[in-house]
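Hello,

Here is the structure for you to take over. My notes on it follow below.

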Amino acid sequence: MNELIRDPITARWIIVPMDSSADTVHFATEIHSKNKDNCPFCYGSETMTPPEIVAHRKSGGANTPNWSVRVVPNKFPALRIEGEFERQGIGVFDMMSGVGAHEVIIDTPDHFRDMADLTHAEAEEVVWAYRARSLDLRKDKRFKYILIFKNYGRSAGASLEHPHSQLIALPIVPKRVHEEMEGAAKYYDYKERCVFCDIVREELEENERIIYNDDRFIAFCPYVSRFAYEVWILPKKHSSDFANIDRDCVACFAKALRDSLARIKGFLKDPAYNFIIHTSPINGHEREDYHWHVEIMPKLSKVAGFEWGSGFYVNPVLPYIAAKNLMSVAIPEK
Amino acid sequence: MPELRRDPVIGRWVIISTERSKRPDQFASALVEKEELAPGERCPFCEGNEDMTLPEIYAIRRPGEPPNGPGWESRVIPSISPLLQIEGNLDRHGHGMYDLMNARGAHEIVVEAPRHIEEAELSREQVGRSVNVILDRIQDLEKDRDIKYVLVFKNYGKAAGGGHIRHARTQIIGTPVNLKRIKEELEGTKAYFDYKDRCVFCDMIKQELQAGKRVVAESKYFVALAAFASRFPFETWILPKEHSCDFYKVDRKKIPDFTELTMTVIAKMRKVIGNFPFNFILHTAPFRRDSGKRGYWETIESDYHWHFEILPMLTRVAGFEWGSGFYINPLPPEDACKAVRDAQVTI
């Protein structure tokens, strides 16, 4: 027997099993090619990418090896940085020019170590790069939103195997973000509390689905998970804007992120996944009703006609079982 | 320069990416895989294997053949692993800050042929029969007061979430709440109607028939369009030319016309991109049970327009799409339309 749960933020319904019979759900394993020939993101291939925007390196000049994190423009950008932002209409249809930024953050020079395998210090460097790019791009007044995300594995949409994250700066606030902001604002209007702060409180109180917990960050399998083994990471202190993250928080966040990914990799045998940093649109001030966070979505099954047609999701694994399983694996300490 | 296009109904933006573009014939990579029935595995949907399914809900059988045995042309059975169940009650309740209810509803499978054949092998008669059976089922489910919406869809091929058994079938799910995805559409069509006093889909059809460059095929009563803001390469919508909000009230005399157009469009698409994985989804108005409700219910009969969406799964939805609700489509719909329209097929 199944049960329907409603996400208090976006009001989407999720179908979950009522009992723990799904404890042993089996998923197809993701196949990784493990081939670094002609990889444009490895040492020595720096000229295969467009010239770098920024890199962390101890020695040597731009676009040479010995970097630890490297940010380059996407060679096949979804949006172009040059040009004016124009809107036009043709009858019932509306169009805009595709102005925006599309950057690639190469997480590590090591082709075979994803973020789950990095040390906490290495993961922290990647987070610093996210923050720096985010702060820099918001100076461009054409942009309204900065989306930072990662596709790992072919099923999650990664076209290159070398571990990397992506950043897209958009001239409009995307629909999903808008929906989430609206849902959070409605909750705030009604309760005068941030819905995400309430979720954190509830998770801490129930203490059944937590997979990471320190002074500043918490990671858990949310009660309203859309996907099996979905994980959210939130700062405990209310803040709507990821780019305002401070020095101590960067270290804790990197740890929470690395550890969560390491647990997912360990228990689910290196699955494909997406993670997305959900943050508020660029507008210069902190919002009371929104709370930045990361959503990690392992790609274990295919989205089918039912999900496309309904906006309903089917999650075969109860979140508390997912959390228990994720906690059962050992992960590197550092 | 890439172009951002906005879906006029739900306001979803799509990036038509010229940087990543390929020619229409270069998308034929994600072909549907071969069937993987395990040795000795029987197909539960084949004639003669009726014992493998739950008792049938409905069937078109030859006269004198008893239920749950051979002798049928089309058979409707409950899903063996239903997402929603017909028994029990809704029992809405809360858990802390969350809302829950029992998964009450319906989940049925329409088996479209007694022989073990795939969608592409169905005859025109079989497809037409299947459409009629689906209409019968929706009309029946409408009588269940707990069901607010009926979703009809097909998952074809693994990439589209289809199962490993390749026996032609369609799924029907009756849900106890209105669907978020449909609500978004209803809100969009209502807003357009409030402003213009016209149906946005009717306006779109008129404009597209005039412009012509996104018309894939046309019949007497229906039209197939490459959606202006296609999320996926070769995304195609099939709409009735005449305004109507409920699929299940369609004039059954129009079914042969609908069947022929749909089969022609899919055959043409196969000619260009091979045996492609896809989802086929009905979008129709919810059952109108709560009279006196305001909002999108007031003008729904005038502002909403039922249609089917064919969503080929040739590209993968990645983090960007999940995070933003923005889609990146590497193929301009006009190019997809031209390739499909020009393909010569006989069905």
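**Helix packing and the chain contact**

The model is predicted: local features need pLDDT of at least 70, side-chain atom pairs count only at pLDDT 80 or more, and totals for chains, interfaces and linings use all residues. Residues are numbered from 1 along each chain as its sequence is written, while chains are lettered from A and ligands numbered from 1 in the order in which they are written.

H1 of chain B covers residues 124-141, and H4 of chain B covers residues 255-273. Helices are DSSP runs (H or I, at least four residues), strands likewise (E, at least two), numbered from the N terminus. The two helices pack at an angle of about 120°, with axes 9 Å apart. Axes are lines fitted to C-alpha atoms over the stretch in contact, and angles run from 0 to 180 degrees between N-to-C directions.

H1(B) brings B:Arg124, B:Val127, B:Gly128, B:Val131 and B:Asn132 to the contact. Among the residues from H4(B) are B:Ile255, B:Phe258 and B:Met263. In contact means C-beta atoms, placed from the backbone, within 7 Å.

Now the two chains. Chain A gives 57 residues to their contact, and chain B gives 59. Strands pair if DSSP finds at least two bridges between them. A:Ser97 has B:Glu3 as its bridge partner in S1(B).

Best wishes

Note on methods
Two residues are in contact if their C-beta atoms, placed from the backbone, lie within 7 Å.
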